[in-house]
Amino acid sequence: MLVVGLTGGISSGKSTVTSWFLEKGIVVLDADRIVRQLQKPGSQLLYDLAHEFGSSVIKENGELARDVLGSIIFHDESAKYKLNEMIHPLVKQKIVEGIEVAKRNGEQLVVLDVPLLFESDFESLADCTLVVYVPRDIQVKRLMKRDGIDEDYALAKINSQMSLEQKRDRADYVLTNERSMSELRTQFEEMFEMLWEKACQTSLD
């Protein structure tokens, strides 16, 4: 079985690529989805977050107030580090469990969709890594349009992550999303064919 670690940056097109893997029936272990499950109302993690960051991070209906927590960690590196320290080991455990289930089910290829793949050493769980890359100027414009924000705020959001250039340089494979969606799809299909062939070969070894 081949495990592919997929990552990108904000407004890079990673979610689109993930949807294409899903279309092909590939098992995708989505770190963001796992986090949302771990943070559901009444969960231990939600209780721990309220204890660490204050009761304002929980809404009246018991759900996580993501905007409140986001504003806390966005301006405080130590708070961001603490949050990651609380969440990432739990997510990693769930992903390891998911990989084992996929292996038992005889899956050929599994994709780990992890925004902080390199930053939090999730790449150690993958056999190879794939980055969806977009040039910075295009990334800024897309984010401004998507979120209805100004350039300064868009840059602040982008700069809070590892740069896509760094991710691109560390990745085994790269999809470049700087033109049309159809061109990205063509790149994806070629990449998928190569990964599937590699996965089948891995299963035979």
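Biologist: Okay, first thing: which residue in strand 3 is the bridge partner of Val28?

Modeller: That's Val111. Keep in mind we're looking at a predicted model. Strand 2 and strand 3 pair in the parallel sense, with four bridges between them.

Biologist: And what about strand 1, how many bridges join it to strand 3?

Modeller: Five, and those two strands run parallel. Gly5, for instance, sits opposite Leu112 of strand 3.

Biologist: Is strand 3 buried or exposed, then?

Modeller: Mostly covered: five of its five residues are buried. Both faces are covered, with Leu109, Val111 and Asp113 on one side and Val110 and Leu112 on the other.

Biologist: Zooming out, what's the strand order in the sheet?

Modeller: It goes 2-3-1-4-5, five strands in an open sheet with parallel pairing. Strand 2 (27–30) and strand 5 (173–176) are at the edges with a single partner strand each, so one side of each has no neighbour in the sheet. On average, neighbouring strands are turned by 25° against each other, ignoring direction.

Biologist: Which strand is joined to strand 5, and by how many bridges?

Modeller: Strand 4, residues 128–133, with four bridges; the two run parallel. Val132 is opposite Leu175 there.

Biologist: Switching to helices. Which strands does helix 1 lie across?

Modeller: Helix 1 (residues 14–23) lies across strand 1, strand 2, strand 3, strand 4 and strand 5. Its direction is at about 150° to strand 1.

Biologist: And helix 2, which strands is that one touching?

Modeller: Strand 2 and strand 3. Helix 2 covers residues 31–38, packs on the sheet and makes about 55° with the direction of strand 2.

Biologist: Now helix 4 and helix 5: at what angle do their axes cross?

Modeller: Roughly 125°, and the axes come within 6 Å. That makes helix 4 oblique to helix 5.

Biologist: Which residues make that contact?

Modeller: From helix 4 it's Leu69, Ile72 and Ile73, and from helix 5 it's Ala79, Lys80 and Leu83.

Biologist: How many of those are nonpolar, polar or charged?

Modeller: Five nonpolar, no polar and one charged.

Methods. Residues numbered from 1 in each chain as written. Predicted model: local features only at pLDDT ≥ 70, side-chain atom pairs only at ≥ 80, totals over all residues. Heavy atoms only, no water. Axes fitted to C-alpha atoms, helices over the stretch in contact; angles between N-to-C directions. Parallel < 35°, antiparallel > 145°, perpendicular 65-115°, else oblique. Contact = heavy atoms within 4.5 Å. Nonpolar A, V, L, I, M, F, W, Y, C, P; charged D, E, K, R; others polar. Pairing = 2+ DSSP bridges. Buried < 20%, exposed > 50% of the residue type's maximum accessible area, 1.4 Å probe, protein only.
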